[in-house]
Amino acid sequence: MNIWIFVWVVLAVFVLGVFFWSMEILFKQKRGWKKFSQSLNLNFQEQALLVSPVVEGNYKNFHITLYSEEQMMPESGRRQYRTVIVLAFLEGFPTGGAVATRGRREFVESLKVEEVHKPDFKGWNGSIVFHTQDDEVMTSFMNEDRYKSLQRLMNLKGKETIFIFDDKEAYYRLETADPMDDPVVLEKMVMKLMAECDVLRPTNADKKLFKATKKKKAPSKKKKEDESEVKSDLKLEDD
């Protein structure tokens, strides 16, 4: 047999093997996500035959979204599918901010949330990126339990995570190369994530921090008077 024919046959078998292996994972994922959606009474949206489905809907105090996203891997230039889980809080936080793993530093910095928050918490993972719009309010809002939960949410092995929030809404996003095709494992993970996110949720005791943030945003009476004086002076100069 010609060596090149042999090489072609081996390559063809390898490519077909990878294809069928990928299809097996995809169809297993579809079955698993459907069972997961039924267990939590979420909406299961079937896509094209060779495309992962989308699962979304409200569960307890969160809106859950589960989907697959194609991403370019910068180190290799190849494309890879990542499973994405998004937990949307149905409320805002006292101030805005973004917390992320090292791999999402560039995204956080692109948000122009200038203040860097340095947690006063022993054992905090220094590679976690933590920016906020108001460090004073954030320091008052965070406590030991919230730092513990946030660190657990950011330290999941083999996963990239980001928690982004403002005074109107908040989202926790996790992405992994794992297809998460086992519905039991998937549900356990989502329940665990929700339990940790619940610890971060603002309570009635935090309402005063929302008011403090609004006061900072609103211009003071003196500032308004100063601005009026400046405008009057400018008008006189023009005259």
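Q: Where is the place of alanine 98?
A: In this predicted model, alanine 98 sits in strand S5, which covers residues 97-100.

Q: How do you know whether alanine 98 is buried or exposed?
A: Look at its relative accessibility, which is 0%. Buried means under 20%, so alanine 98 counts as buried.

Q: What separates alanine 98 and tyrosine 171, in sequence and in space?
A: Along the sequence they are 73 residues apart, while their C-alpha atoms are 9.6 Å apart in space.

Q: Why are phenylalanine 62 and phenylalanine 89 called an aromatic pair, and what makes its kind?
A: Let's start with the general idea. A pair of aromatic rings is described by how far the centres are from each other and by the angle of the planes. By this rule the count comes to ten aromatic pairs. For phenylalanine 62 and phenylalanine 89, the centres are 5.1 Å apart and the planes make an angle of 70°. Rings pair if their centres lie within 6.5 Å, and planes over 60 degrees apart count as edge-to-face, so these two rings form an edge-to-face pair.

Q: Which parts does this pair tie together?
A: Phenylalanine 62 lies in strand S3 (residues 62-72) and phenylalanine 89 in strand S4 (residues 79-89). The pair therefore ties together parts that are 27 residues apart in sequence.

Q: How do you know whether phenylalanine 62 and phenylalanine 89 are buried or exposed?
A: The relative accessible area of phenylalanine 62 is 0%, and the relative accessibility of phenylalanine 89 is 4%. The cut-off for buried is under 20%, so both residues count as buried.

Q: What makes phenylalanine 89 and phenylalanine 93 an aromatic pair, and of which kind?
A: Here the ring centres are 5.4 Å apart, with 80° between the planes. With limits of within 6.5 Å for pairing and over 60 degrees for edge-to-face, this is an edge-to-face pair too. Phenylalanine 89 and phenylalanine 93 are both buried.

Q: Which residues do ring pairs link into a cluster?
A: The cluster consists of Phe62, Phe89, Phe93, Phe141, Phe163 and Phe165.

Q: How do you know that arginine 146 lies over the face of phenylalanine 141?
A: Arginine 146 is 3.8 Å from the ring centre, and the distance limit is within 6 Å. Arginine 146 is listed as lying over the face of phenylalanine 141. Another ring of the cluster, that of phenylalanine 62, has arginine 201 over its face, at 4.6 Å from the ring centre.

Q: How many cavities of 30 Å³ or more are there, and what lines the largest cavity?
A: Rolling a probe the size of a water molecule over the atoms shows where empty space is left. The count comes to one cavity of 30 Å³ or more. The largest cavity has a volume of about 40 Å³. Among the residues that line it are Phe93, Val99, Phe130, Met138 and Leu200. Helix H3 (135-141) and strand S8 (159-165) each supply at least two lining residues. The lining divides into ten nonpolar residues, no polar and no charged.

Q: What makes up the largest nonpolar core?
A: In soluble globular proteins, nonpolar side chains tend to be buried together. The largest nonpolar core here has 40 residues, and those with the most contacts inside it are Leu150, Phe163 and Tyr172. Elements that give two or more residues to this core include helix H1 (3-39), helix H4 (144-154), strand S9 (170-176) and helix H5 (183-200). The largest share, seven residues, comes from H5.

Q: Why is valine 185 called partly exposed?
A: Valine 185 has its place in helix H5. Its relative accessibility is 46%. Buried means under 20% and exposed over 50%, with partly exposed in between, so valine 185 counts as partly exposed.

Technical notes. Residues numbered from 1 in each chain as written. Heavy atoms only, no water. Phe/Tyr/Trp six-rings, centres within 6.5 Å; stacked < 30°, edge-to-face > 60°. Helix = DSSP H or I, 4+ residues; strand = E, 2+ residues; numbered from the N terminus. Buried < 20%, exposed > 50% of the residue type's maximum accessible area, 1.4 Å probe, protein only. Lys NZ or Arg CZ within 6 Å of the ring centre and 35° of its normal. 1 Å grid on protein atoms, 1.4 Å probe; cavity = no way out; pocket = protein on both sides within 12 Å on 5 of 7 lines; lining within 4 Å. Points joined across faces, edges and corners; volume = space filled by probe spheres on them. Nonpolar A, V, L, I, M, F, W, Y, C, P; charged D, E, K, R; others polar. Core = buried A, V, L, I, M, F, W, Y, C linked by side-chain atoms within 4.5 Å.
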